[in-house]
Amino acid sequence: MPEPEVAGPSGASDDVTGAALVAALERLRSRLVALELPLDAPGVEQARADRAAAIDQLDDYLLPRLRAHSAPLLVVVGGSTGAGKSTLVNSLLGEQVSAPGVLRPTTRAPVLVHHPLDERWFSTDRVLPGLPRVAASRSSSGTVRPEVGRPDAADDDGAAHGRALRLVASDALPPGLALLDAPDVDSVEVANRVLASQLLDAADLWLFVTTAARYADAVPWELLHRAVQRHAQVALVVDRVDPGARAASDDLRRMMQENGLEQAPLFVVAEAALVEGLLPPEAVAEVATWLTALGADAPAREAVARATRDGVVDDLAGRAQSIAAAGDAQVAADTRLRGAVAGAYGDAAATVREATSDGAMLRGEVLARWQDLVGTGDLLRSVEEGVGRFRDAVGRFFRGRPTPVPPVEHAIAVGLAAIVLDAADEAAERAHAAWRGDPAGAALLTGLDLARGSAGLRGRVDAEIRAWQSDVLALVTDQGAARRGTARGLSFGVNALGVSLMVLAFASTGGVTGVEVGIAGGTAIVAQRLLEAVFGDDAVRRLTVQARDLLDARVQRLLDDEATRFTAQLDALGAADARGDALRDAGRDVAHAARAERASRPAVARTATPAGGGRALRGAGQGAGQGAGAGPAESGHPGEGDARTGLWQRLFGRRTRGEDA
């Protein structure tokens, strides 16, 4: 089992600050989960990927590692297609635990090799909880073969599609050290690439494998740059190097120095014929010696894990700020799209208001039907003879012939409906065009017919106009009830008075003063004088304002309903609530908790297992430094004392062994 951690006098404080860091990271995770980025704002694809990767890394690696400091060191072996990762793992262990092949992609399901005593660290969901576990058994010949690790795993979608973690127990591996053979980082299968990236993010240490022919490929270097940014601990292996050809490894070392990996160990594996599928021991000696030394040194393993863990914590705290900014961009996009809709439909309401208050409604069919109602003879001429005579004329008019009101009301309804429908269609067209020109809005229009008014708009417009006409008649009726004598005398003319109020409302925005006598042949002034004769000046002013307000409210309600067709798309996504303040604060809390945790760490005793103690990987100590393709001399051997300082300096970035990682 792994050696226990060595706590100094401040161990209790370390526990407290460690718990505080875990709590801060859990809050950060909850904020990341809550912060959805549904709108296609600029840069959102990268932000979504960063958010998903951050959640995965918290779940797969960081929180489990913080909760279990003594867990085995997980070394993820990753690299390009055909780099020989599986062959390297098999050769280090001296047995076929991961199946290489000539078909691409080769490694489909990741293989995690651990010492038998460490099985419980990996058989649970402590790390990589999203991957089902599949155990492996051995055939009579000793070959490892997969077998379902639990009764229901055979039906698990992840296992069926290769997204399962195959566990292999091997006595060849030192306790406290685990190797994970990951899928190709540049696999032709997208799922494999995603899984490879996820596994590398869950590593305490990357053992990155490339070849003399492909070490400069872009995809591996994208991942290596990410490792540098996150301060992950990395070692590189350049495989299949022809004897005597050091140019590839030299050029790779140059690239490492130029890209922030100058402290990372680099191992060279010579091209060699396979014997029963394995490289000869001397070909993997440098890598085996280095990993064996690491497996024998519990404080070193802790230092590696802590260095990677610290880098991930710092990176997550920083990424939280950029993801929070993406959340703010969501709010801005939501506001922008809502503003386009509000502007379009606000202008539509203003258009209807103007068209129904400047006298334009009092022409054409409405004017003709109104003249049918009031006539053009004595009633119109009496306007010039004073209110008293006009009132007498009104009485004679209503007593002398029936009032053909319905045609007037119908003409008003038709004209008003045309204005509202045109305004609604224009608003829909403007809002649609604004969204179509915005990446965040264009994605929401797919499959929706929003460029015109809704299919049921005409029926709703007609219903609202009829309701408004009823409102106006109710105003006249209520006013007549307050003037009982007049109401009784003209009870048979209430509908005509209602139409007169409608006409007057179409010619005034704030009362009856200042109305042009010439508007539509004197239509409005006749309506005004008629109403004044019955109800008086003050009442007519008040009734006109009320009629206008009732009309504006109903039109606004119609247009608001139409605008909701757009804004409902935004409401369903919730981008208005994606403000990044909470995530930004959580990231700052993580940074503060991390500083406190590091300041409280006790000194760790650095005592390595003596040379020859523990288990050694196949090839460890055999022929190190011999022949073309041997790894760097400073990578060290178990028990070399101060010579091993070069290894830790290169691994931890020029730290001495006594320094706190």
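The model is a predicted one, so local features are taken only at pLDDT of at least 70 and side-chain atom pairs only at pLDDT 80 or more, while totals for chains, interfaces and linings use all residues. Residues are numbered from 1 along each chain as its sequence is written, and side-chain values use heavy atoms, with hydrogens and water left out.

Overall, the protein has 22 helices and 9 strands; these are DSSP runs numbered from the N terminus, with helices (H or I) of at least four residues and strands (E) of at least two. Of the 661 residues, 53% are buried (buried is under 20% relative accessible area, exposed is over 50% and partly exposed is in between, with a 1.4 Å probe and protein chains only). Taking contacts (heavy atoms within 4.5 Å) between residues at least 6 apart in sequence, 82% join residues at least 24 apart.

Helix H3 (residues 85-93) is mostly covered, with 9 of its 9 residues buried. Those buried residues pack against helix H9 (285-296) and a run of strands: S1 (73-79), S2 (111-114), S6 (177-181), S7 (205-211) and S8 (234-241).

Strand S8 is itself mostly covered, with 7 of its 8 residues buried. S8 pairs with S7 in the parallel sense over 6 bridges (pairing takes at least two DSSP bridges between two strands), and Asp239 of S8 is the bridge partner of Thr211. To get from S7 to S8, the chain goes through helix H7 (residues 218-229) in a right-handed β-α-β crossover; right-handed here means that, with the strands pointing away from the viewer, the path from the first strand over the helix to the second runs clockwise. S8 also runs parallel to strand S9 (residues 266-270), joined to it by 4 bridges, with Phe267 of S9 as the bridge partner of Val237.

Arg51, in helix H2 (residues 44-67), is buried but has no salt bridge, and Glu36, the nearest side chain of opposite charge, sits 5.5 Å away. A salt bridge needs a side-chain nitrogen of Lys or Arg within 4 Å of a carboxyl oxygen of Asp or Glu; for charge, Lys and Arg count as positive and Asp and Glu as negative, with His and the chain ends not counted. What the Arg51 side chain does reach is the backbone oxygen of Val33, at 3.0 Å. Leaving out residues up to four places away in sequence, Arg51 touches Leu32, Val33, Leu35, Glu36, Leu37 and Ile323.

Elsewhere, the structure holds 36 salt bridges. In helix H8 (residues 247-258), Asp251 and Arg254 lie 3 residues apart, about one turn of the helix, and their side chains meet at 2.7 Å, N to O. Arg254 also bridges to Glu258, with the closest N and O atoms 3.0 Å apart. Glu258 counts as exposed at 55% relative accessibility, and Arg254 is partly exposed at 35%.

Another salt bridge links Arg584 and Asp328, with the closest N and O atoms 2.5 Å apart. Arg584 lies in helix H21 (residues 581-599) and Asp328 in helix H10 (residues 298-355), so the pair ties together parts 256 residues apart in sequence. Arg584 counts as buried at 17% relative accessibility, whereas Asp328 is partly exposed at 26%.

Definitions and conventions
Polar contact = N/O pair within 3.5 Å; in protein donor to acceptor, adjacent residues only side chain to side chain.
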